[in-house]
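Welcome, and please take a moment to look at the model below. We will walk through it together, one spot at a time.

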There are 2 protein chains.
Amino acid sequence: MQPTDAVRILGIDPGLQSTGFGVIDKRGSKLSYVASGCIRTNEREALPQRLGVVFDSIREVIAKYAPHEAAIEEVFLNKNPWSTLLLGQARGAAIAAMTTAGLPVAEYGTMQIKKSVVGQGRATKDQVSHMVVRLLTLGGVPQSDAADALACAICHAHTSGLLSASTDGLDRRRAGRVVARTSFRRMQP
Amino acid sequence: MQPTDAVRILGIDPGLQSTGFGVIDKRGSKLSYVASGCIRTNEREALPQRLGVVFDSIREVIAKYAPHEAAIEEVFLNKNPWSTLLLGQARGAAIAAMTTAGLPVAEYGTMQIKKSVVGQGRATKDQVSHMVVRLLTLGGVPQSDAADALACAICHAHTSGLLSASTDGLDRRRAGRVVARTSFRRMQP
């Protein structure tokens with residue numbers, strides 16, 4: 001199903017209650033929809049378990065759709081610091097799931113995504129999902145978190161110089177703050 | 001090396017720059033030191049990569065020492081919300097590493113750990129590491145993050161009713177907000 005010359009991108013909109021995901025293919029300048037959805041966790045479960053669900057579910061999405069690259073939305077600071085902390089933990093679990101699966105992960109700010117998808121950084125949520133539907137010629141509007149994840153994937157596709165186009169092992173692009181899969185580890189026992 | 005009737009506990013003091021770990025064995029009421037150390041990430045690397053290092057390194061510790069249960073310190077809210085967000089993401093990656101390795105993970109607040117190790121919740125860092133050295137009869141004072149991780153493991157050991165003592169699949173203890181390894185997953189494609 002995956003065209004051999006296409007770059008498959010996984011977009012993630014992280015959250016503890018609900019994490020949106022969206023998968024698209026980029027072939028030249030043409031984008032096409034592959035899949036999207038929402039990973040929900042049970043509020044009545046304890047935090048470690050919910051983080052495990054986020055991690056495992058993203059791993060399932062990666063196993064099923066085999067993306068080449070990943071993009072994740074940067075989180076904004078919530079007025080409630082506890083909410084920021086919960087969102088941060090969900091985002092950490094999501095990023096770990098992608099990085100340790102060997103995917104290069106790029107981060108994009110909300111305004112950057114809106115500018116890339118709609119053309120202006122202060123676009124409304126409706127404008128974003130409208131353009132996601134148009135750019136991917138979808139038959140209907142996806143769920144909010146899934147639409148945001150697709151928008152993040154589109155932003156990555158639009159960002160010049162996809163990772164897989166790089167010809168050396170350096171791979172770090174300041175633009176999208178993209179990192180390679182080289183591992184760095186120092187443990188002091 | 002691991003006594004068959006001992007419960008092996010992994011304690012984690014999470015952080016993006018430095019994550020402390022400590023492994024102890026509990027045999028009846030007797031505690032013994034197994035290992036401790038510190039996982040450091042490179043500040044010059046991008047966040048996704050650093051989170052990958054935290055995750056992979058904790059998985060290495062688990063593979064090497066095969067703990068039965070895990071305990072992690074709750075994070076306090078930093079005055080700087082960006083620091084809180086970074087710490088939250090490191091904690092999320094650390095918890096995901098333990099939960100998805102099948103370890104039940106308990107969370108303990110700083111005051112709860114101090115009370116359990118020193119006897120009073122407002123103990124200083126020095127008092128905590130002094131008691132860690134005494135309780136585990138160590139030959140020297142461990143590095144700060146490693147000492148905090150050992151203190152967290154000791155707190156878990158002291159907390160009545162270790163997880164593995166439970167006889168059913170329920171396993172949820174409100175005391176330490178401990179969760180079992182049952183998985184909950186709902187995805188909406």
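Is A:Ala66 buried, partly exposed or exposed? A:Ala66 is partly exposed, because its relative accessible area is 38% (buried means under 20% relative accessible area, exposed over 50%, and partly exposed in between, using a 1.4 Å probe and protein chains only). Before going further, note that this is a predicted model, in which local features need pLDDT of at least 70, side-chain atom pairs count only at pLDDT 80 or more, and totals for chains, interfaces and linings use all residues. Residues are numbered from 1 along each chain as its sequence is written, chains are lettered from A and ligands numbered from 1 in the order in which they are written, and side-chain values use heavy atoms, leaving out hydrogens and water.

Back to A:Ala66: you will find A:Ala66 in the loop between α1 (47-65) and β4 (69-73) of chain A. Helices (H or I, at least four residues) and strands (E, at least two) are DSSP runs, numbered from the N terminus. Most residues other than glycine have a negative phi. For A:Ala66, however, phi is near 45 degrees, a positive value. In chain B, B:Ala66 lies in the loop between α1 and β4, and the phi of B:Ala66 is also near 45 degrees.

Now follow chain B to its helices. Helix α1 (residues 47-65) and helix α2 (residues 81-99) of chain B pack at about 35 degrees, with axes 9 Å apart; axes are lines fitted to C-alpha atoms over the stretch in contact, and angles run from 0 to 180 degrees between N-to-C directions.

Strands come next. Strand β4 (residues 69-73) of chain B pairs with β5(B) in the parallel sense over four bridges; strands pair if DSSP finds at least two bridges between them.

Finally, visit helix α4 (residues 125-135) of chain A, where A:Val132 is found. A:Val132 is buried, with a relative accessible area of 0%. What does A:Val132 touch, not counting residues up to four places away in sequence? A:Val132 touches A:Val117, A:Leu138, A:Ala147, A:Leu150, A:Ala151 and A:Ile154. A:Ala147 is 15 residues from A:Val132 in sequence and 6.8 Å away in space, C-alpha to C-alpha.

Key: Contact = heavy atoms within 4.5 Å.
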